[in-house]
Amino acid sequence: MKRLIERSRSVGEVLRWVTQNPGKVSASHYPIALHKLGQLLQQQPGPPVGAGDGRGPAGQVLEQPEFHALCQAIVSGCAKFDNFSIVNCLYAAAALGLPGESPLVRVLEDESRSRLGRFNQKDVSMVFSSEANNKALEAIFSSQLFYENRQERFIRSMAEWLPRKAENLTPYTMALIAKYVARHRLREPRLLDTIANFLLKRGEQLDSKVIQKLVFPFSRMNYRPSNHGELFPKLEAILEQKASSSPLATVNILMSMFQLSHFPQTVLHQVFSPSFITNVMSSPYALIVRRYLSLLDAAVELEFREYSGPRLDPRYRVLMFEHALTADEANRKYSYKGLVAEALRQLVGEECYRQDEVLPPGYCTDFLLWINRSGTVLPLSRVPAASRAPPATSPVTMSLRSSVLALTSDLQVVLSVNDKWHYCQNSDILVGSRAMRDRHLRLLGYCLVQLPYTELEKVSGIEEA
């Protein structure tokens, strides 16, 4: 039957083979028949397949009783089809141009969604590219199984067709896509630019909480969208109007922009104003906002020296992080930090380095060392008190720049173990938060030595380390 369908020379011949020999037709034959119909229709003159106006060969075929019988056979039996047949029928129906509201497409979509957890990556990609409507995208990106697994090949495929379909998506669906991309650190420029264009067109109508979800992938992937010259000023204008309506979202958006080295001055005037501070300090999320505001204030001190507006009251300054990040704790067993720690212990001795030291404004460093001009590593206990960084447990109340080591002959060194999750996926680009940390540590006067995982994974044994 497969050969007979594939060798058919006309639409009528395909329909006859399938509808007149029901006992010889299996589930795998239906997608073959639909694909063959699409190929034959493309070869005929008239409106293209899927024109949907009912004119020409395509429209005439879709109205034929034999075609309806074929569709009905698929609708009736698809619950018993294997995954491959379901996915290929849906893909072929999309290529054939069947409308989304047709019974065949609706049934196939529903069956696909119900089986999503059992689909492999290729199946999922085909479902997406054939459905690709708002309801389907929402359903699949809401799937916990899909969300927890990285689908790089699909994301690359989606980057091709999403720009054409983006304007028909809801903000909620686009936010789900943004969340997925950020979680898996997928630095796909075309996809990120699609999210940025969506933001540029729809920004005024969006709630601040939705905007923060759409902006986050840019800072997470350390990526300035191609339209940032238009987008960033627009986001500033939106934040000026909505800053107080959702303070935590406002601060999150600001943090994303700071990580991309963009500093919206007028919004900073608002978030450091007494009224905004009073508002957030009485809210349930006061501590997290204080942490973010403290880091934003430190970033202004270090990177936005021309700013002359209000600053965060010293009474509210705290360390952004008091210990290692959650991701680093969760991935500790996969980290090369233990290898480096043992190598340092054998090389210079435990008194000559500190591990997981937190430095103001709240950055956890992997290893801290003190080295003199001749390159000798010195015991940290001998660092003069006047030259030490302020203790991590005290509020950051002094100028950050005056708090770093000021010795002319010695250097304090931060040894940074950059594990795989500190980079964008399949890239040598650090994620935005890590990149900003490195910028700030250098501006604070520390000498930063990077140990990328790509080099550490080549090491064989402690001697090489």
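Helices (H or I, at least four residues) and strands (E, at least two) are taken as DSSP runs and numbered from the N terminus. In the predicted model described here, local features need pLDDT of at least 70 and side-chain atom pairs count only at pLDDT 80 or more, whereas totals for chains, interfaces and linings use all residues. Residues are numbered from 1 along each chain as its sequence is written, and side-chain values use heavy atoms, with hydrogens and water left out.

The protein chain contains 24 helices and five strands, and 51% of its 465 residues count as buried, a term that stands for under 20% relative accessible area, with exposed meaning over 50% and partly exposed in between (1.4 Å probe, protein chains only).

Arginine 437 is placed in helix H22, which spans residues 432-443, and arginine 437 is buried, its relative accessible area being 4%. When neighbours within four places in sequence are set aside, arginine 437 is in contact with Tyr363, Cys364, Thr365 and Ser416, where contact denotes heavy atoms within 4.5 Å. With serine 416, the side chain of arginine 437 forms a side-chain to side-chain polar contact at 2.7 Å; such a contact is a pair of N or O atoms within 3.5 Å, and within protein one must be able to donate a hydrogen and the other to accept it, while residues adjacent in sequence count only if both atoms are side-chain atoms. A polar atom of the side chain of arginine 437 also lies 3.0 Å from the backbone oxygen of cysteine 364.
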